[in-house]
Amino acid sequence: MDFPIFHLDFLNNRFLIAIIAVLHVLINHPLAVGGIPLVVLLERKGTKVPAQEAGLWDKLAFRILFVFFIVTTTVGAMTGVGIWLSASLVNPAAIGSLIRVFFWAWFVEWIVFVTEVVLILYYFLTWRKKSQDKAQHVRLGVILAVASWVTMAIITAILAFMMDPGNWLSERSLLHGFMNPLYLPQLAFRTPMAMVMGGAAGLFLLPFFTKDNPQLRIDASRLIGRWILGWLPILIAACIWYYYSVPGAMIANLSVANTTQQFANWYQALVYLMVTSVAIVAVVAGAAALGRLRQNSLMSMIPFVILLMLLSHFERVREFIRKPYAIGQYLYSNGLRVADYPLFKQDGLLKHATYSSIKEIRPENRLQAGREIFVIACTRCHTLNGVNSVRDNLEAMYGTPPWNMDNLRKFIGAMHTARGYMPPFPGNETDADALAHYLVHISENKDALPGSQTTGIRLTP
Ligand code: HEC
């Protein structure tokens, strides 16, 4: 409310963040955090085999690194910046709070990240230097791998904090925020997930780089298969630990989080699908470890594709089950602080909205007020005409318009009890009434709802 409200009415604001952030994770985990250790493993293998084979392993490791290097330093780095940009546009209050709590953590992360970039450039560019000490180059790779992991380990603390800030709620210190209850379980999950995915990415690329050398393909897929099989049990154990660490209120959101409300009943089927997918990854990795992935290129690509889908699903679910909060118990997803709610109830929401042109609701400005309340209270998650359109939601609930105004008022007053993933309505009865009028209005009019990036802002004196 202290910022003008950015809104994308077709795409939906949270979707904008989701696309960029999920793409970032899908690059970072397999190609950086898990990918670099895999490359180092292959490079090291090249130093252990007889001299006539050494060059082949070395070339293979370099080719895989080449792909990882290009993708992580372009799309990977840009989407990292993109998360900042999109999250600051969509929920500046949340980013503002996180920066205040995690300033020094982010400061360190930034230094480690810059170090990581320098190291990967150095690792990549010095690979083919003639006078090189291979063992030293491998050690450089290990340091790079550690740096990649550390950046993830810091950011994971922030993601886990958003789910459950734990003692920070009373202690308000960086250390308490960092060591929140979900931090270690989530880190324990992400680490083997990245390693398994790094292996799967390697397996995916293998057929492209071993076309003329079937023996190398078998030997390398043996090594990578064993790598995946080694990490997989740790991943499964961490998954279970993580699941049981997530508070009950969030678990209750799972059925909707998995797909949408419409498909909540498919929950069980989806769980089976996920278990089956992991089993397929294990089987393919097992076949690779036994040297059975001779000709079948398609097969060696399957685990990576499955894991990409699983990881994006996991990120989506994690973001969803946190609702109605952006920062657990502290800040709702609509960008309003829990502690400010009594004030909104007492004075009305718009009185405290810096960029609202209305401060007091009267019959003649009620519709406009309802629109402003909708923008503030609902558009972080809903659109009028696009993804998660409130018009469609209401139609699913109340049938084709006209809708009953009383029902709408009642729904607004109790929306958080009916649907636990929505924040309570932030305002008093006059606000709820104005919003109900606006919702009835949009059922009859196909209004557009441009954000302030299009309409500009007007400050009231
Ligand atoms: C934190 C995000 C969030 C906020 C803020 C939010 N909603 Fe929702 N709302 C959702 C989600 C998610 C759904 C479920 C969509 C689905 O899966 O079909 C939903 C569903 C609904 C539904 C359908 C409910 C049902 O039982 O089928 C209505 C109506 C609705 N929202 C209205 C509103 C209004 C009005 C506001 C603002 C006062 C609002 N929402 C604020 C996330 C939110």
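Student: How far apart are the end C-alpha atoms of helix α9 (residues 214–245)?

Tutor: This is a predicted model, in which local features need pLDDT of at least 70, side-chain atom pairs count only at pLDDT 80 or more, and totals for chains, interfaces and linings use all residues. Residues are numbered from 1 along each chain as its sequence is written, while helices (H or I, at least four residues) and strands (E, at least two) are DSSP runs numbered from the N terminus. The expected span of a helix is 1.5 Å times one less than its number of residues, so the 32 residues of α9 should span 46 Å. The distance between the end C-alpha atoms agrees with that: 45 Å.

Student: At which residue does α9 have a kink?

Tutor: The bend at a residue is the angle between axes fitted to the seven residues ending there and the seven starting there. In α9 a kink of about 25° comes shortly before the proline P233, at L232.

Student: Which helices do the buried residues of α9 pack against?

Tutor: A residue is buried if 20 or more other C-beta atoms lie within 10 Å of its own, exposed if 12 or fewer, and partly exposed in between, with C-beta atoms placed from the backbone. The buried residues of α9 include R217, W227, W231 and Y242. Their packing partners are α2 (35–48), α3 (51–90), α8 (183–209), α12 (267–289) and α13 (297–321).

Student: How many residues of domain 2 are in contact with domain 1?

Tutor: An automatic or database domain assignment sets the bounds, giving domain 1 (13–332) and domain 2 (340–455). Two residues are in contact if their C-beta atoms, placed from the backbone, lie within 7 Å. Domain 1 brings 12 residues to the contact, and domain 2 brings nine.

Student: Which helix supplies the largest share of the side of domain 1 that touches domain 2?

Tutor: Two helices, α1 (13–33) and α10 (248–252), each supply at least two residues of that side. The largest share, three residues, comes from α1.
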